[in-house]
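Biologist: Hi! Could you walk me through this one? I'm new to reading structures.

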Amino acid sequence: MTAAPAMAAGSVARYQTTNYTITSSIVEAPGADHTYSVTQSPCDGSISGTGQGLNGNSGVTESITGSLSTSQLVFHAVYTSVPSGWNPSFVGYYYDVTATVASDGSYTGAATDSLGGHYTVVGNVIKGTTSSYANHGQYVSSQGGGSDAAHSCIGVPVQSSG
């Protein structure tokens, strides 16, 4: 699932970001379903994004960070807000997943949470759009400049080792 370089202006392959939707269900807790929208960096395979938990209907919002390759998904998801009526101490609750990704994008793995729970997690990694930055400068400009953007590989030509 690692983002492949994309062709940009002048048919030069360049490193591009790829968006994914990741679904996650806890087998031992029916209804504990999560959906995340993440962007993957081609520089290191890292992912980051946001999502909603518990079928997206509960008002739980989450942030997610991790990594994705063709065969492995590792992520850390944190509740960033909970619905009114919930105990506010659930803000900051997290769970960590390590899963094996199949060629069709489905995955199965293990999760632990901040309450000491251990679970089986299943889900899907669904590839979405890939960016099309014509060059590194276009990417840096789109990010408003800054050191992080300037040091990114996004938009840089892919170097072949041949």
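Modeller: Let's start with Tyr95, which is found in strand S8 (residues 94-101). Helices (H or I, at least four residues) and strands (E, at least two) are DSSP runs, numbered from the N terminus. This is a predicted model, where local features need pLDDT of at least 70, side-chain atom pairs count only at pLDDT 80 or more, and totals for chains, interfaces and linings use all residues. Residues are numbered from 1 along each chain as its sequence is written, and side-chain values use heavy atoms, with hydrogens and water left out.

Biologist: Is Tyr95 buried or exposed?

Modeller: Tyr95 is buried, because its relative accessible area is 1%. Buried means under 20% relative accessible area, exposed over 50%, and partly exposed in between (1.4 Å probe, protein chains only).

Biologist: Which residues does Tyr95 touch?

Modeller: Leaving out residues up to four places away in sequence, the residues touched by Tyr95 include His34, Glu62, Phe75 and Asp113. A contact here means heavy atoms within 4.5 Å.

Biologist: And which side chains make a polar contact with Tyr95?

Modeller: The side chain of Ser24 does, at 3.2 Å, and so does the side chain of Tyr36, at 3.0 Å. A polar contact is a pair of N or O atoms within 3.5 Å; within protein, one must be able to donate a hydrogen and the other to accept it, and residues adjacent in sequence count only if both atoms are side-chain atoms.

Biologist: Ok, Ser24. Which way do the side chains along S3 point?

Modeller: They alternate along strand S3 (residues 18-26).

Biologist: How many bridges join S3 to S4?

Modeller: Eight, and S3 runs antiparallel to S4 (residues 33-40). Two strands pair if DSSP finds at least two bridges between them. Tyr20 stands opposite Val38 in S4. S3 and S4 form a hairpin with six residues between them, and Gly31 in the turn has a positive phi of about 95 degrees.

Biologist: What about S3 and S10?

Modeller: S3 pairs with S10 (residues 118-130) over eight bridges, in the antiparallel sense. There, Thr23 stands opposite Asn124.

Biologist: Zooming out, how many helices and strands does the protein have?

Modeller: Two helices and ten strands. From the N terminus on, the order is β-β-β-β-β-β-β-β-β-β-α-α.

Biologist: Nice. And how much of the protein counts as buried?

Modeller: Of its 162 residues, 36% do.
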